[in-house]
Amino acid sequence: KEKEKDKEQEQRPIYVGNIDPSARLSDLERVFGEYGEVKKIDFKSGFAFVFLDGDVKGAIRCLNNQKLFSTSKRMKVELARGDGDAKRREDERRALAIANPTNTLFVVNFDYNSTSSKDIERMFQDYGHIVRVEMKRNFAFVEYETVIEATNAMNALHGSVCGERVLSVEYKSSHLRYIFYFLPYSFLSLSSLNKIYFLKYICTNSLLLFFEKRKINKFICFPSKLFLSL
């Protein structure tokens, strides 16, 4: 039974938190490559899942609470939860978005320190006429004229590599439920400033949605929009 438990743990990915914002895919490959063959790295904003074929226990033991760079925070390295909850939440969120296609895409996991709205526009412009690109630090919204254009872009660019990071592209939900699926891991990995901005965005858009559903005068919504722009 002990051997079966060890084998099961080796098949589970390694969760890596508190990743330096300037870190690249190659940095993680280099560090974890010392403990075996890196099969895959699912790189998110501030955290990652590393699929390692090798000394998983040794990698966790040696790398947990260590710095990726001399100026970085100490990484949190541990086995990803094996209860399937994280994957189930991810599947539910993806299914929710796909079931409600829109002409606006939600884009996350690019390096917001080196990526501009123009970079996002250039990446998405081959799939249709872009109405607007709206960046909110570590995520962005890309609006097309039609749902078909947005679908073509999502199918082509979801899972693609941008600056050594794997992009996540999906339909923007008409409500904020999908945002909360990021909280268990990604929110804790954000800097203090980005946590404040993230919470401000959720609160402000919750108010706007409340006003919209109750058809409250748009002039009342203005202070909320102004708050978001600060």
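1. Let's start with a loop residue. Setting aside neighbours within four places in sequence, Thr-115 is in contact with Phe-110, Ile-120 and Met-135 (contact means heavy atoms within 4.5 Å). Thr-115 sits in the loop between β5 and α5; helices here are DSSP runs of H or I with at least four residues, strands are runs of E with at least two, and both are numbered from the N terminus. With a relative accessible area of 12%, Thr-115 is buried (buried is under 20% relative accessible area, exposed is over 50%, partly exposed is in between, with a 1.4 Å probe and protein chains only).

2. A word on the ground rules. This is a predicted model, where local features need pLDDT of at least 70, side-chain atom pairs count only at pLDDT 80 or more, and totals for chains, interfaces and linings use all residues. Residues are numbered from 1 along each chain as its sequence is written, and side-chain values use heavy atoms, with hydrogens and water left out.

3. Now the whole chain. The protein chain has nine helices and 10 strands, and 41% of its 230 residues count as buried. Take the contacts between residues at least 6 apart in sequence: 64% of them join residues at least 24 apart. The chain exposes about 13,000 Å², with carbon and sulfur atoms supplying 53% of that (areas are from the Shrake-Rupley method with a 1.4 Å probe; for residues, only the protein chains shown count as cover).

4. On to the sheet. Four strands make an open, antiparallel sheet in the order β6-β7-β5-β10 (two strands pair if DSSP finds at least two bridges between them). β6 (130–136) and β10 (168–171) are at the edges with a single partner strand each, so one side of each has no neighbour in the sheet. Neighbouring strands are turned by 20° against each other on average, direction ignored (axes are lines fitted to C-alpha atoms, for helices over the stretch in contact, and angles run from 0 to 180 degrees between N-to-C directions). Strand β5 (residues 104–108) is joined to β10 by four bridges, and the two run antiparallel; Leu-105 has Tyr-171 in β10 as its bridge partner.

5. Two helices pack on this sheet. Helix α5 (residues 117–124) touches β5, β6, β7 (139–144) and β10, and its direction makes about 140° with that of β6. Helix α6 (residues 147–157) touches β5, β7 and β10, at about 155° to the direction of β10.

6. How many aromatic pairs does a search of the whole structure find? There are six (rings of Phe, Tyr and Trp, the last by its six-membered ring, pair if their centres lie within 6.5 Å; planes under 30 degrees apart are stacked, over 60 edge-to-face, the rest tilted). Phe-106 and Phe-141 have ring centres 5.7 Å apart and planes at 40°, so this pair is tilted. Phe-106 lies in strand β5 and Phe-141 in strand β7, so the pair ties together parts 35 residues apart in sequence. For Phe-139 and Phe-141 the centres are 5.9 Å apart and the planes at 80°, so that pair is edge-to-face.

7. Lys-172 lies over the face of Phe-141, 4.7 Å from the ring centre (the criterion is NZ of Lys or CZ of Arg within 6 Å of the ring centre and within 35 degrees of the ring normal). Elsewhere, ring pairs link Tyr-15, Phe-47 and Phe-49 into a cluster.
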